[in-house]
Amino acid sequence: MTTLIPIERIAAHVGERVTVRGWLQDSTPKGKLLFMRLRDGTGMTQAVAYRPELGDELFEQLKRLGQESSLIVSGTVKANDRAPGVPRGYEIAVEAAEVLQDAQDYPITPKDHGVEFLMDNRHLWLRSSRQWAIMRVRATVKRAIIDFLDGRGFVNIDTPIITPSAAEGTSTLFEVAYFEEKAYLAQTGQLYNEANIMALNKVYCFGPTFRAEKSKTRRHLAEFWMVEPEIAFCDLEELMRLEEEFVSAIVGRTLAERANELELLERDVTPLQNVVAPFPRISYDEAVQRVLAIREATDDPELRDELAIEWGDDFGSPHETELTKQFDRPVFVYGYPTQVKAFYMEPWPGRPEVCKSVDLLAPEGYGEIIGGSERMSDPDVLLAAIRRHELPEANYQWYIDLRRFGSVPHSGFGLGLERTVAWICGLEHIRMTSPFPRTLNRLTP
Ligand code: 4AD
Ligand code: MG
């Protein structure tokens, strides 16, 4: 008798005969022994073949298998402190094996390949242990997002991907041919969610989002996933409380469920353990002062240049990076200048040049992971903003309607999935967080 198991459950089967179906990562012969590292998509473990047990023919066949050959292996699970794997410390003493395919000349070997080569082979690179770990973390982050919001009574609702007009600025729209008309891929579901909350009170959409950003930074994708909660009867202060609980829950759950993967990624989890609400809150005004103080204090001329800023400017990556280094957990920056934010943000009472926006910046230099705000609730103020931004008024009539029939204070935010995963995994580039990333210079595979 043998039980088919996923490798991730191997610890529960010590002393039992099991079967594992997977792929060969590599193997090392040592006399009569062959140490095979086997992965099955749920984990990795060492399978040890012993020539006298398997016979010469099968042993030789296994020994000659190339990297990524597919096979089925049965044997007894043993605990072994020194055995590598995820989870670590187990091995299978092979009693039977069946080769499905002997693969030869797998292009990705343990040596160093350039990242462009690896990205060209993304369909294969995904099998590598770091990429595997990142995708598992990504899935857990998604699950944590959904469970948190569902648990708080939010209704999950889907917003259109094909849209007639801009929401976050006209310069980053992807145009599509829509029969005889022009349409655009959605930059956000927010405007629709503002309609949805008037029907359902608290909602969120979670799906792909598109930005034709001509930026080649470590933080930008052309296609990414955003979760967008929107809440009726909610002001900026309540919004921040929701965001800090949300982000703490996501990080906490990932630490609890993906410890093996984070260890494999060599992520120092100490900074993540600090991610507990409440988070510090600073105004845009204070943030500018802090950036200028860092700029004064540095003797790195390049950094001085990068940190140049005047009141009214948006923060770039260098500003956010330096600012977040001053805090041991994510930091809220609220009250940005109206001119650098989207048209729909509620003006600050008594200070129309400032809006009730809030960005959440992740620590360790990661920067913005959430953008959000309280929304305009007055139809006339909104109409004036639409005109100021020279947006096509007719397309926004329905949006203004929301302020005509039972307008209420309301707020919402968008969290970028990939930026959040990059931060939690401690990655140097956002493209690693997407199985098949779309960037300014990559559309394949
Ligand atoms: O700050 P953004 O543009 O906000 C909105 O779109 C609002 N309508 C959201 C809302 O209030 N419902 O984007 C929100 C987040 C960013 O903080 C970032 O995490 C992510 O989406 N994001 C990107 N991630 C990867 N690549 C890009 N090009 C991104 N642009 C935004
Ligand atoms: Mg933003």
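Analyst: Buried means under 20% relative accessible area, exposed over 50%, and partly exposed in between, with a 1.4 Å probe and protein chains only. Helices (H or I, at least four residues) and strands (E, at least two) are DSSP runs, numbered from the N terminus. An α-helix has 3.6 residues a turn, so residues three or four places apart point the same way. Contact means heavy atoms within 4.5 Å.

The model is predicted: local features need pLDDT of at least 70 and side-chain atom pairs count only at pLDDT 80 or more, while totals for chains, interfaces and linings use all residues. Residues are numbered from 1 along each chain as its sequence is written, chains are lettered from A and ligands numbered from 1 in the order in which they are written, and side-chain values use heavy atoms, with hydrogens and water left out.

In α6 (residues 190–200) the buried residues are Q190, L191, N193, E194, N196 and I197. Their cover includes the strands β11 (202–210), β12 (223–232) and β19 (410–416), along with the helix α14 (397–401). Just after α6, N201 takes a positive phi of about 75 degrees.

β11, β12 and β19 belong to an open sheet of eight strands with mixed pairing, in the order β7-β11-β12-β19-β18-β17-β14-β13. Its edges are β7 (155–156) and β13, each with a single partner strand, so one side of each is left without a neighbour in the sheet. Two strands pair if DSSP finds at least two bridges between them. β7 and β11 pair in the parallel sense over two bridges, and N156 has Y204 in β11 as its bridge partner.

Another open sheet has three strands in the order β8-β10-β9, with antiparallel pairing. Here β8 (162–163) and β9 stand at the edges with a single partner strand each, so each has one side without a neighbour in the sheet. Four bridges join β9 to β10, and V176 has A183 in β10 as its bridge partner. The loop between β9 (175–178) and β10 (181–185) holds F179, which is exposed at a relative accessible area of 73%. F179 also contributes, with I161, I162 and Y178, to a nonpolar surface patch of about 430 Å². Patches are made of residues with over 30% relative accessible area and no salt bridge; like charges are joined within 9 Å, and nonpolar side chains (Val, Leu, Ile, Met, Phe, Trp, Tyr) within 5 Å. A salt bridge is a side-chain nitrogen of Lys or Arg within 4 Å of a carboxyl oxygen of Asp or Glu. Accessible areas come from the Shrake-Rupley method with a 1.4 Å probe, and for residues only the protein chains shown count as cover.

Some backbone details remain. D105 has a positive phi of about 60 degrees although it is not a glycine. D105 sits in the loop between β6 and α3 (115–120) and counts as exposed at 74% relative accessibility. E266, another residue other than glycine, has a positive phi near 55 degrees. E266 is placed in the loop between α8 (259–264) and α9, and at 71% relative accessibility E266 is exposed. The peptide bond from A277 to P278 is cis, with omega near 0 degrees, and P278 lies in the loop between α9 (270–273) and β13 (281–283). The bond from T444 to P445 is also cis, with omega near -10 degrees; P445 lies in the segment after α15 (417–425).

For the chain as a whole, there are 15 helices and 19 strands. Of its 445 residues, 51% count as buried.
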